[in-house]
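Hello,

Here is the structure I promised to pass on. Please open it alongside this note; my findings follow below.

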Amino acid sequence: MQSSTSGAEEVRRLQRRFEREHSARLAAEAIAEEGLRELYARQQQLLLLEAIAAAANQSKSVESALQFALTAVCESTGWPLGHAYLVPSEGAKRLRSTGIWHRPQAGDMRAFFNATEMTDFEWGAGLPGRVLVTSAPAWIADVTAESNFPRAHDAMKAGLKSAFAFPVLVGTDVAAVLEFFSDKASTPDQILLRLMSQIGTQLGRVIERKRAENDLLHDASHDPLTTLPNRVLFLELLARAVARNQRRPETMFAVLFIDLDRFKVVNDSLGHHAGDHLLVEVAARLSASLRQSDMVARSNAPRHGTCDTLARLGGDEFTILLDDLSDLSEAVGVADRIQKTLAAPFVVEGQEFYASASIGIASSKTGYTSADAVLRDADLAMYRAKTFGKARYEIYDQTMHEAAINRLTLETNLRKALKNEEFVLHYQPIVLLSTAEIIGFEALVRWQKPDSDLVYPGDFIDVAEDTGLILFIGMWVLREACRTMRLWQQEFPRQQPLIISINVSARQFAQQDIVQQIRQIIHETGIDPHTVKLEITESVTMDDAERTVRVLSELKELGVRFSIDDFGTGYSSFSYLHRFPVDTLKIDRSFISRMEQSGESFEIVQTIMHLSRNLGMQVVAEGTETEAHVETLRSLGCDFGQGYFFSKPLSNAAAHDLLQASTPMANAPRAKRPLATSRSAKRSAPPCAQHPVISTGVNAALSR
Amino acid sequence: MKGIVFNLLEEVVTSHHGPDAWDSLLENAGLDGAYTSLGSYPDEHMGALVAAAAQTLGMTPFDVLRWYGQQAMPLLAARYPGFFMAQPSTRPFVLSVNSIIHPEVRKIYPNATCPTFDFSDAPDGALLMGYHSPRRLCALAQGFVEGAAAHYGETVVFEHQLCMHRGDEKCLCRISFSSDCSGKMSC
């Protein structure tokens, strides 16, 4: 009995032990299953994160990356509805719907979609606004019971219950927010939210990359100094305007080509930093001159079709595209506003500076098929405005194109002329007024075309200057004039040797090795440098006065002498004039010709005479054409005269004959009268009527 | 075959016939019987156990499997109540096997070879369920469906229109639900 009791006890004990083991096994299995389930969830999350990271790396656009993420998250989590917002511009404190959704198949949620897409969510407003503030994920267990959820009514109608949202971060800034909705109420899932934060980081990389790309694109199409569109972008926009105009000829556009006058002076005198400063200020004023109705300062891509685009082509060149013009007068209005706005002084590094612009206008009326052609013509018109005296505008017309073609032809012919040695020198005597004696000549270049036309410098010097051909022509003139004068000096020896005056242009003078070149020519020709007088205009000397002082001093050491040409027409600083080693001033012909009619001109001549005396300089009066001129000049104490009264410029042979005739050694009177020209004969008593020409002419004039 | 199938069979046999019956079955089948839900075991073990049970209980293997399916359902409902609560009645519960229940199984046991059923509606509103598996466990499927119906307080009529056991290529089962309105979307 006892044994059976203990046997039954034994069975119960074993049974309990078995049940304990059984329960433990079931519990262990349950724990293991739970672990496996979690592991599975983790793996799924990793796969999701991997998929989104891969998509983020490959996606071409932010939008496609957002769409991918919404779909992937919805499919992976089983949340049926997802939507993305973007911050509308970098640094903005609000969110705007992208219109990118992952939507469930069933259910009518249109009202909720509309409510979402029509709202800009401000800082803190609703679920997205909250994420914007905290830069952290947020969870709403039941949106219909949430106080800060403006879309609650529509969400309820759509059958939505719980929601979560997370930020897409670029650095610490929220660049976008993604939100998800479920039709079931649910408590916050921290693991899920942590995963979403990581997804937000991955998507942030896409936005960051896109922003960097946009920055690069912007840099490639904009001028870094002014942030305005550059030539590339301007031509692109212009090409669109041209294409639109071809499709719809009733539309009209115009291009303003703006070039600052005298910008180089600021750059050269105040330095590039000051120049840059001025350009930025000019860009701001130009921007303000655009048409008021749609005035937009455009550092970003402009709206197409309806607004003005200001661009900087480079240097001091700006362009404006005026689109949708109703009349060309609107373009003129803009040009006028630009001149007005530039008229106020600029303060650059503490110095006041006045700027103006030359503006060329080309419009679609000409009928363009390419942007380059529009720009070329606007440029031509600008060039015309500059030529006509700056601070003005010119509207392109066909004749400008013809003029440009002519210039081009002229340039080609000038090059040929240099090669074929078609240039010749004419010599105009310079006469000592007191004795009517020829003391020298000014060498003047002429172009003897093969077809026997003689072309005067006025018809080709500008082009020669612009193209740089003047450097070659100028050197040839220097060499030829020195060579000829050396021969004459040998043939007609005098106590005071004849002097040769030779013009030196601005571009020649600006050459770094000008001193070296002149030294070389003097050496080659063997001329006495004291008999060489270089004529330089006032503007050349004053452009960079310090350099002028230096170069002139170096040349002076060679023995060369200088006169300032066209004196009185430019702006001379007396302090510099004093420092220049110049010994002659040539009074501009305009003062001499008006001396009798205009008291003002007379006084100017008189003043120059005083000035030169005080500075110890000699004076040559250019354009001395009448006896009266000679008389007046002599009474004012002028030393020398040059002009038709004495002689027109003569060919080499004619000048040689004149020298021979006027030299006391030359005995036989000559039949040839080199000074007899119908022009000089009409203007004054014929100075050549008697013999020897010059001295008699002058004597005759002086004797009256 | 997953260990849980053997564990459930043990529970069903033990609860109806006592622990000794299970020991006998194992002995008759020549198996040691150490099954855990975490493991996988040869399909032949199930065949041997079913054969042994049929012999012991005087039933056909078909009926053993069907009975086992019916009886296992309450145990599953106790262990995984979520699957049952998520569905209002038998029909949607059956339909959730492919889309919800088996995917969940695969989450825990990635190597599980769950069967895939194909469902279609018969013109009279009955559900047609196709089944194709080398295990040929259509009887177990019937038992599960009937056990589920019992859980939802419904009855079903389960007919094997085509059956692999009768030489057909696949099984096609026709399931009519008693309160036949309950499962249909239109009701």
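**Helix packing in chain B**

In this predicted model, α4(B) and α7(B) meet through two sets of residues. From α4(B) come B:F62, B:L65, B:R66, B:Y68, B:G69, B:Q70, B:A72, B:M73, B:L76 and B:A77. From α7(B) come B:A139, B:L140, B:Q142, B:G143, B:F144, B:E146, B:G147, B:A148 and B:H151. Helix α4 spans residues 61-79 of chain B, and helix α7 spans residues 138-151 of chain B. Their axes come within 7 Å and cross at roughly 40°. The two helices are therefore oblique to each other. The crossing is right-handed.

**Nonpolar cores**

The largest nonpolar core has 80 residues. Those with the most contacts inside it are A:L414, A:F441, A:I500, A:I502, A:L534, A:F580 and A:V605. Helix α14 of chain A (residues 469-491) gives the largest share of this core, ten residues.

Take A:I500 as an example. Leaving out residues up to four places away in sequence, A:I500 touches A:Y427, A:F441, A:A443, A:A481, A:M485, A:I527, A:T531, A:V532 and A:K533.

Another core, of 55 residues, lies apart from the largest one. Among its members are B:L31, B:L76, B:L127 and B:A139. B:L76 and B:A139 also take part in the contact between α4(B) and α7(B).

**Cysteines**

How many disulfides does a search of the whole structure find? Zero, over all chains. A:C638 counts as buried because its relative accessibility is 6%, under the 20% cut-off. B:C114 is buried too, at 17% relative accessibility.

Best wishes

Key. Residues are numbered from 1 along each chain as its sequence is written. Chains are lettered from A and ligands numbered from 1 in the order in which they are written. This is a predicted model: local features need pLDDT of at least 70, side-chain atom pairs count only at pLDDT 80 or more; totals for chains, interfaces and linings use all residues. Side-chain values use heavy atoms; hydrogens and water are left out. A disulfide is a pair of cysteine sulfur atoms within 2.5 Å. Buried means under 20% relative accessible area, exposed over 50%, partly exposed in between (1.4 Å probe, protein chains only). A nonpolar core is a set of buried Ala, Val, Leu, Ile, Met, Phe, Trp, Tyr and Cys residues joined through side-chain atoms within 4.5 Å. Helices (H or I, at least four residues) and strands (E, at least two) are DSSP runs, numbered from the N terminus. Contact means heavy atoms within 4.5 Å. Axes are lines fitted to C-alpha atoms, for helices over the stretch in contact, and angles run from 0 to 180 degrees between N-to-C directions. Angles under 35 degrees count as roughly parallel, over 145 as roughly antiparallel, 65 to 115 as roughly perpendicular and the rest as oblique. A crossing is left-handed if the near helix is turned anticlockwise from the far one by less than a right angle, and right-handed if clockwise.
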